[in-house]
Amino acid sequence: MSVVEARRVTRLFPMAAGPVAAVRDVSLSVADGEYVAVSGPSGCGKSTLLHLVGVVDQPTSGEILFESRDVAALKEAERSRIRLVRIGFVFQRFFLLPMLTARENIELPQAEARVPAADRRARTRELLEYVGLADRADHLPSQLSGGEMQRVAIARALANRPALLVADEPTGELDEQTGGHIADLFDRVHADGTAILVVTHNPVLAARASRRLTMKSGSLVS
Amino acid sequence: MTSLWLAWRTTKRYRVRAVLAVVGVAVIGALLFDMLLLSRGLLASFADLLNSGGFDVRIVGSEGMPIVRLPIAGSTRLANELRALPEVRDVVLIRIERATLWSNERTSRPVTLVGTTQASGGPYTIVRGDDLPRDSSFDRCPILVSRHLAASLGVEPGSSVKISVNPDGVRSALPAVSCRVTGVVNFFFASAGENSVATTMTALQQALSEPAVDADLILAASQPATGPAAAVRAIHRVRPDLRAYSNEDVVALFNQNGFAYFRQISFVLSSLTTVFAFLLVATLLTVSVNQRLGEIAALRALGISRGRIASILLWESALLVGGGALLALPLGGLLALGLDHLLRQMPGLPERLHFFVFQWRAVATHAALFGVTAAAAAAYPMWLTARLPIAATLRREVVG
């Protein structure tokens, strides 16, 4: 069964010289527990596709079905709820809240989902151990390395046990070795049954996926 | 993890911005608080001054503001008639004259001489010595002198002095009468440097060499059960040719005329300071939100609701404005003391009159204005984040 399905989606951006199609007539399905990587040159529309599948953007035409629900028919509050509890986001620039510790950053989406405090604390401890940062729980992002910040961001994305983890260039800001550790972590997440859609330039990370797709000029070519 | 807690952590994180905002709001708030104190302070102080004598109705023979005084014909008989009214508890006659007081053959001062039928407990506080005697038959001219006059002439309770009255518009040849200082006092209505003397109406008659002296001001105390308004109506029925004003009437007259200037100034300045506070906090919050757009878009992508982000911003604004507004109270209080001291240097003002008077009403208005300011200052950043396009912002952040 598909977690998310894009049916012939197109995303146009209005420009002064006329609309530009960042994504053109793309169909894509990510099945339960599947690990999909999308690669391609810069500006080919990978991130735009990820935003459409991750329910943060709406296609100009075509349909996005998340767990069989037409995303376009949902209100913003419902889409926000899907992002909170069914989708985990990992960003290239981590986007951890700088005033919160690693533990608090992981607790935040759980608090928003009204998870009881005791369950929240237990889940956060579990995730910090999962990403190997149990001893860094009370450190602020400014006290963590890039790799550690990305691991906290992955733990935050997994906090509400999402069905789909979407990652936009998760190793883009990291060196090769640290990127390798993040790729290992994605393998573990996949092995634990979470579907992953990752957009990356990193061939090592893309190679770990069970299905690899390439985009060019807004279309999937393979 | 409440919105308030997140706002507090954000405020702590951006400490310099927070300190600048709080200090800015505190300085602006101090001015606002002072303007609020000024808007009603003079009036409150004036009302307090009027009420301090224990009389709540003033009867004069002239029209308009009860400060221009004409003698009230037959005032002694009138006082007896007023005392008989069920709405009136007590009546006191007052006559004010210009006079000269000699402490010896060579040293004299021009003074304001107040003759009163009030036996004791007049509009003054005794600094040294005794009040005017209840029965003046043993002391033909007992007087109370203001502290300033006592110091300037070196007289003390028990000192003998001479007084000659100089009635307005009359070239006086009245003989000086010998008087005895019974006490040194602070007059409620006298200005700091004013030379004032109070004596009994009998003594004033002797000084004027007249068998009877008409009062130019009659003070009445109403019965508590009926109140001053009923007393004013009753007095008007007895003598429709006179003007009777309750203390509230006098305050209202001054509010419309004499003090309107202060009220208008304070309204304009408090409006301006509120706008400044709004602009300061709105600017800081907007700049801060613009610096954190990527972070906010990421939070929205993670499923944090628009409402939650808006409430965090509202709390941030409330913390900055609230912190500043709280600091503004002691700061404004200190500033008000200084400004009050400066303004009270104006000549001719009663020593007990203040321009800035603490009132809980001013604190409540201050809090309400800043509450509205906090909400208004957060409105634009809240609107900005509510309309934030998540995908476009994330894309810009990565490209940027």
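Start by selecting chain B and colouring it by its domain assignment, whose bounds come from an automatic or database domain assignment: domain 1 covers 3-49 + 258-399, and domain 2 covers 73-241. Before going on, note that this is a predicted model, where local features need pLDDT of at least 70, side-chain atom pairs count only at pLDDT 80 or more, and totals for chains, interfaces and linings use all residues. Residues are numbered from 1 along each chain as its sequence is written, while chains are lettered from A and ligands numbered from 1 in the order in which they are written.

The C-alpha centres of the two chain B domains sit 51 Å apart. Where they touch, seven residues of domain 1 are in contact with six of domain 2 (C-beta atoms, placed from the backbone, within 7 Å).

Next, show both chains: 25 residues of chain A are in contact with 20 residues of chain B. On the chain A side, pick helix 1 (46-53), helix 2 (76-85) and helix 3 (102-112), the elements that each give two or more residues. Helix 2 of chain A gives the most, with six residues. (Helices are DSSP runs of H or I, at least four residues; strands are runs of E, at least two; both are numbered from the N terminus.)

Now stay on chain A and find the open, mixed sheet of six strands, in the order 6-7-8-3-9-10. Strands pair if DSSP finds at least two bridges between them. Strand 6 (87-90) and strand 10 (219-220) of chain A are at the edges with a single partner strand each, so one side of each has no neighbour in the sheet. Finish on strand 3 (35-39) and strand 8 (195-199) of chain A, which pair in the parallel sense over four bridges; zoom in on Ala37(A), opposite Val198(A).

Terms used:
Contact = placed C-beta atoms within 7 Å.
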